Amino acid sequence: MDDLTGFQRDLLYVIAGADQPSGQDVKDEIETYYSSEINHGRLYPNLDTLVNKDLVEKGQLDRRTNYYEISNRGQQAIEERRQWEQQYLNNSALHASLGC
């Protein structure tokens with residue numbers, strides 16, 4: 001996960017929180033968070049990167065629509081990231097309570 005951009009990480013989280021979203025579903029959700037339009041030239045190459053890194057699996061709903069699904073490796077990467085983040089969040093809370 002350390003080699004992903006923030007945008008790619010956000011895409012991974014969106015996909016993990018949805019049930020086989022289409023590219024358009026992912027786009028709609030990420031635009032809500034970013035409060036701006038995300039063009040296809042930005043979205044799909046980043047989705048392909050997640051697929052190429054085996055963090056996301058890509059399937060076909062019909063001839064025009066693909067879906068994305070978090071892979072086991074992607075889920076593991078999210079869990080490892082959460083553990084890494086938690087050590088700093090817990091540490092910050094400890095320092096704040098001690099008045100550091």
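Y67, a residue of strand β2 (residues 66-70), touches Q20, P21, S22, E57, K58, G59, Q60 and L61 when residues up to four places away in sequence are not counted, contact being taken as heavy atoms within 4.5 Å. The model is a predicted one, in which local features need pLDDT of at least 70 and side-chain atom pairs count only at pLDDT 80 or more, whereas totals for chains, interfaces and linings use all residues. Residues are numbered from 1 along each chain as its sequence is written, and side-chain values use heavy atoms, with hydrogens and water left out. Y67 has a relative accessible area of 19% and is therefore buried, the classes being buried under 20% relative accessible area, exposed over 50% and partly exposed in between, with a 1.4 Å probe and protein chains only. One of the residues touched by Y67 is S22; the two are 45 residues apart in sequence, yet their C-alpha atoms are 4.2 Å apart in space.

Two packed helices are described by the angle between their axes and the distance between the axes. Here the axes are lines fitted to C-alpha atoms, for helices over the stretch in contact, and the angles run from 0 to 180 degrees between N-to-C directions. Angles under 35 degrees count as roughly parallel, over 145 as roughly antiparallel, 65 to 115 as roughly perpendicular and the rest as oblique. The axes of α1 and α3 come within 10 Å and cross at roughly 75 degrees, so that α1 and α3 are roughly perpendicular to each other. In this contact, F7, Q8, L11, L12 and I15 of α1 meet R42, L43, N46, L47, T49 and L50 of α3. The residues of the contact of α1 with α3 divide into seven nonpolar, three polar and one charged, where Ala, Val, Leu, Ile, Met, Phe, Trp, Tyr, Cys and Pro count as nonpolar, Asp, Glu, Lys and Arg as charged, and the others, Gly among them, as polar.

For α1 and α2, the packing angle is about 120 degrees and the axes are 10 Å apart, which makes α1 oblique to α2. The crossing of α1 and α2 is right-handed, a term used if the near helix is turned clockwise from the far one by less than a right angle, with anticlockwise giving left-handed. G6, F7, D10, L11, V14 and I15 of α1 make this contact with V26, E29, I30, Y33 and Y34 of α2, and by class the contact of α1 with α2 has eight nonpolar, one polar and two charged residues.

Helix α2 (residues 23-34) and helix α3 (residues 40-52) have axes that come within 11 Å and cross at roughly 115 degrees, which makes α2 roughly perpendicular to α3. The crossing of α2 and α3 is also right-handed. G23, Q24, V26, K27 and Y34 in α2 meet H40, R42, L43, Y44 and L47 in α3, and five nonpolar, three polar and two charged residues make up this contact by class.

Most residues other than glycine have a negative phi, and most peptide bonds are trans. S35, in the loop between α2 and α3, has a positive phi near 55 degrees and, at 64% relative accessibility, counts as exposed. D54, found in the loop between α3 and β1 (56-60), likewise has a positive phi, near 60 degrees, and is partly exposed, with a relative accessible area of 45%.

R81 lies in helix α4 and is in contact with M1, R9 and Y13, leaving aside its neighbours within four places in sequence. The C-alpha atoms of R81 and D2, 79 residues apart along the chain, are separated by 8.6 Å.

Key: Helices (H or I, at least four residues) and strands (E, at least two) are DSSP runs, numbered from the N terminus.
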